[in-house]
Amino acid sequence: MLLAGVALADPPVTAPTALPAGTQPAAAATPSVATPGADITVNGAAPTMAQLGGGHIFISPMGEPYHTQGGVSAAEQWFRDADANHDNRITPQEFQEDAMRFFATLDVDHNHLIEPDEIDRYESDVAPEIRVISTYGDPTLAKTDDDGNVTDPPYPSRIGAGRFGFLDAPEPVVSADLNFDRAISEQEFETVALRRFKMLDVNGDGVITRDELPRLDVHPERRNGRGNRFGQGGGHHHGHGGAGD
Ligand SMILES: [Ca+2]
Ligand SMILES: [Ca+2]
Ligand SMILES: [Ca+2]
């Protein structure tokens, strides 16, 4: 769809002089925009209207897995769901409501806490993809020099859920346990949601728009090197998956 829009904005040059004398160049003033399913207007379109990229697996900032089959990316699907009033901005309230809706799905026994058995369920049943922790780089990027010395491929910069989301949070639910009592309260989850909101509101204007969100790889499993523009270059974690050294 976007490509179609680009093509419209930059039409092939056809020689207007080829028109027979007296023929009105009627179509010129009204370029055809009858692209099927096009809900994006070219004129004055806000940059926030561009869909979020990325692949078909996405872990939301609060840890909810999204899977899409085609069409929109999983990140885009999350944005649309979180943007409850569909104004292309996610407010802190919308972000927290999205978080607490997800919290309720994790709080199986409805005691307003996510406790260890519910964390286990989250990690093994709800979002098993976050457990696929690889500390090894893409083997196709390994280099062998003339002497046969092999240079390991670069380590991936993200592990766990961090490979599928905007934030470098390998386990976004457990990391909301602010007081380390092995349970996540509603208040903790809300507090952490607001913190994560602020991290993603890069320009600090109080709303999250699509254009300020980090770009996601289509193939996050191949992500390595420096990661995206969200940075985290400072050794936020060390890629050993908590296995102990
Ligand atoms: Ca909104
Ligand atoms: Ca519970
Ligand atoms: Ca913002």
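This report walks through the fold, the core and a few individual residues of the chain shown above.

The model is predicted, so local features are described here when pLDDT is at least 70, side-chain atom pairs count only at pLDDT 80 or more, and totals for chains, interfaces and linings use all residues. Residues are numbered from 1 along each chain as its sequence is written, and chains are lettered from A and ligands numbered from 1 in the order in which they are written.

**Confidence and overall fold**

pLDDT is the predictor's confidence in each residue, from 0 to 100; its mean over the chain is 76, and 62% of the residues reach 70 or more. Two stretches stay under 50: residues 1-19, with 14 contacts beyond four places in sequence, and residues 40-48, with 12 such contacts. A contact here is a pair of residues whose C-beta atoms, placed from the backbone, lie within 7 Å.

As for layout, you get five helices and six strands, in the order α-β-β-α-α-β-α-β-β-β-α. Helices (H or I, at least four residues) and strands (E, at least two) are DSSP runs, numbered from the N terminus. Of the contacts with a separation of 6 or more, 57% link residues 24 or more positions apart. Buried residues make up 26% of the 245 in the chain. Buried means 20 or more other C-beta atoms within 10 Å of a residue's own, exposed means 12 or fewer, and partly exposed is in between, with C-beta atoms placed from the backbone.

An unreviewed UniProt entry annotates "domain: EF-hand" over residues 70-105 and 188-223; such annotations may be inferred rather than shown by experiment. In the model, residues 70-105 are 64% helix and 0% strand, with end C-alpha atoms 25 Å apart.

**The core and α3**

A nonpolar core is a set of buried Ala, Val, Leu, Ile, Met, Phe, Trp, Tyr and Cys residues joined through C-beta atoms within 7 Å. The largest one has 36 residues, and Phe-58, Trp-78, Phe-95 and Phe-189 are among those with the most contacts inside it. Two or more residues each come from β1 (57-59), α2 (74-82), α3 (92-106) and α5 (186-200). Phe-189 touches Ala-99, Met-100, Phe-103, Ala-176 and Ile-184, leaving aside residues up to four places away in sequence.

Helix α3 is worth a look by itself. Its buried residues are Phe-95, Gln-96, Asp-98, Ala-99, Phe-102, Phe-103 and Leu-106. They sit on the same side of α3 because they cover an arc of only 155 degrees around the axis, taken from the directions from the helix axis to the C-beta atoms. Their cover includes α2, β3, α4 and α5. On the face turned away from the buried side are the exposed residues Gln-93, Ala-104 and Thr-105.

Most residues other than glycine have a negative phi.

| Residue | Phi | Location |
|---|---|---|
| His-86 | about 55 degrees | loop between α2 and α3 |
| His-112 | about 70 degrees | loop between α3 and β3 (113-114) |

His-86 counts as exposed because it has 7 C-beta neighbours inside 10 Å, whereas His-112, with 14, is partly exposed.

Finally, Ile-119 lies in helix α4 (residues 116-126). Ile-119 touches Ile-114, Val-173 and Val-174, not counting residues up to four places away. Ile-119 and Val-174 are 55 residues apart in sequence but 7.3 Å apart in space, C-alpha to C-alpha.
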